[in-house]
Amino acid sequence: MTNSVEIKNLDLAFGAVKVLQDLNLEISKGEFLVLLGSSGCGKSTLLNCIAGLLDVTAGQLFINGQNVTWAEPSERGIGMVFQSYALYPQMTVEGNLTFGLKNAKLPKDEIRKRVKRASEILQIEPLLKRKPAALSGGQRQRVAIGRALVRDVDVFLFDEPLSNLDAKLRADLRVEIKRLHQNLGNTMIYVTHDQIEAMTLADRIAIMRDGQIMQLASPEEIYCRPVNRYVAGFIGSPSMNFLEGTIRGGHFEVGGLSVPLSAYEFSGPVTDGPATLGIRPEHIVTGELVGNAPWQNEVTVSLIEPTGSDTLVDCDVAGHPFRVRMEGQARVSMGETITIGVDPSRASLFDTKTELRL
């Protein structure tokens, strides 16, 4: 499969501060890639480098095989959607959609055709004569996406486009963006700090930290086999439980407890020594299912958080805070002792010193 976007040995520094360091990334044609990370990790900076809004310090950028490292944004064949809607308030929706096309001296018939297509796809046809002030936040963001869509480009760049919307609107527009990608088949690069957006939208996720890519893989791979402790803790809500202990003789030992590791799939040869065991709250079983779990332990309930679909239960395992996700209608009370079960084959083990997956 040919690459739509290729980044080679990219560096970006502001004075003595290195923001991106020797970054390499290949994005296939038609792929939906999500750049995910906490604030300040460099994800929006990388997107701005691809867009041509920032000049790189070193390295090269290719779009559809063309070296665009020093090309102007308008010459890169990209459409960009920002966090802020950035619409012209004095223009109608139709005016916002056609403004760039008119500047590019496109024929009127072509402009009309592109606006019609974009407004049908985004379901904004009834809004074409309105001005942005008369639109809701979700409608404005649809128009912003439409403005990128009418450019008829191969690569779409999204910089946290849903972060200004409320939770329900975010969920609705997330579905629309996924459907848009399925219908168009264009390459899409999407920046977010929201892991739910990343997991639901992406073909692959690049998790970034300190200007570097920690892991680049499918959502399933990142969720099930995080490459290091940082990725493991970043993905998942509530986040993964971590127990600090020791690997000894095929078992993970922590505070007098011993977890068998015979079913665990190690990444390579492993020696006895300090390690961290990571267990996701949703991979812990209770009630009737405990009997089938290779490792079981009694815990005391210290906090209960009902969320409707789930009940989150806080407890303590060998002196470590531990969270269990139970079903929404689970009958559990404060101070109660319950038995939890864990299948170590679904857990993650990390070297305590390097924090890399074992």
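**Loops, sheets and a pocket in a predicted model**

Pro-238 sits in the loop that runs between helix 8 (229-234) and strand 11 (241-248); helices (H or I, at least four residues) and strands (E, at least two) are DSSP runs, numbered from the N terminus. The structure is a predicted model, in which local features need pLDDT of at least 70 and side-chain atom pairs count only at pLDDT 80 or more, while totals for chains, interfaces and linings use all residues. Residues are numbered from 1 along each chain as its sequence is written, and side-chain values use heavy atoms, with hydrogens and water left out.

The bond between Ser-237 and Pro-238 is a cis peptide bond, with omega at about -5°. Another backbone feature is found at Lys-105, which has a positive phi of about 60° although it is not a glycine. Lys-105 belongs to the loop between helix 2 and helix 3 (108-122). For background, most residues other than glycine have a negative phi, and most peptide bonds are trans.

Strands come next. Strand 1 (residues 3-14) and strand 2 (residues 17-28) pair in the antiparallel sense over 8 bridges; two strands pair if DSSP finds at least two bridges between them. Leu-10 has Leu-23 in strand 2 as its bridge partner. Together, strand 1 and strand 2 make a hairpin with 2 residues between them, and Gly-15 in the turn has a positive phi of about 70°.

An open sheet of 6 strands shows mixed pairing and the order 6-7-8-3-9-10. Strand 6 and strand 10 (212-217) are at the edges with a single partner strand each, so one side of each is left without a neighbour in the sheet. On average, neighbouring strands of this sheet are turned by 15° against each other, direction ignored. Here, axes are lines fitted to C-alpha atoms, for helices over the stretch in contact, and angles run from 0 to 180 degrees between N-to-C directions. Within the sheet, strand 3 (residues 32-36) and strand 9 (residues 204-209) run parallel and are joined by 4 bridges. Helix 5 (residues 167-184) lies across strand 3, strand 7 (155-159) and strand 8 (187-192), and runs at about 160° to strand 8; contact means heavy atoms within 4.5 Å.

The structure also holds 6 aromatic pairs. Rings of Phe, Tyr and Trp (its six-membered ring) pair if their centres lie within 6.5 Å; planes under 30 degrees apart count as stacked, over 60 as edge-to-face and the rest as tilted. Phe-158 and Tyr-190 form a tilted pair, 5.6 Å centre to centre with 35° between the planes. Phe-158 lies in strand 7 and Tyr-190 in strand 8, so this pair ties together parts that are 32 residues apart in sequence.

Finally, the largest pocket has a volume of about 660 Å³. On a 1 Å grid over the protein atoms alone, a pocket is an open set of points where a 1.4 Å probe fits, with protein on both sides within 12 Å along at least five of seven lines; lining residues have an atom within 4 Å of a point. Grid points are joined across faces, edges and corners, and a volume is the space filled by probe spheres set on the points. The largest pocket is lined by 27 residues, and Ile-78, Met-80, Gly-100, Arg-147 and Arg-151 lie nearest its centre. Helix 2 gives the largest share of this lining, 6 residues.
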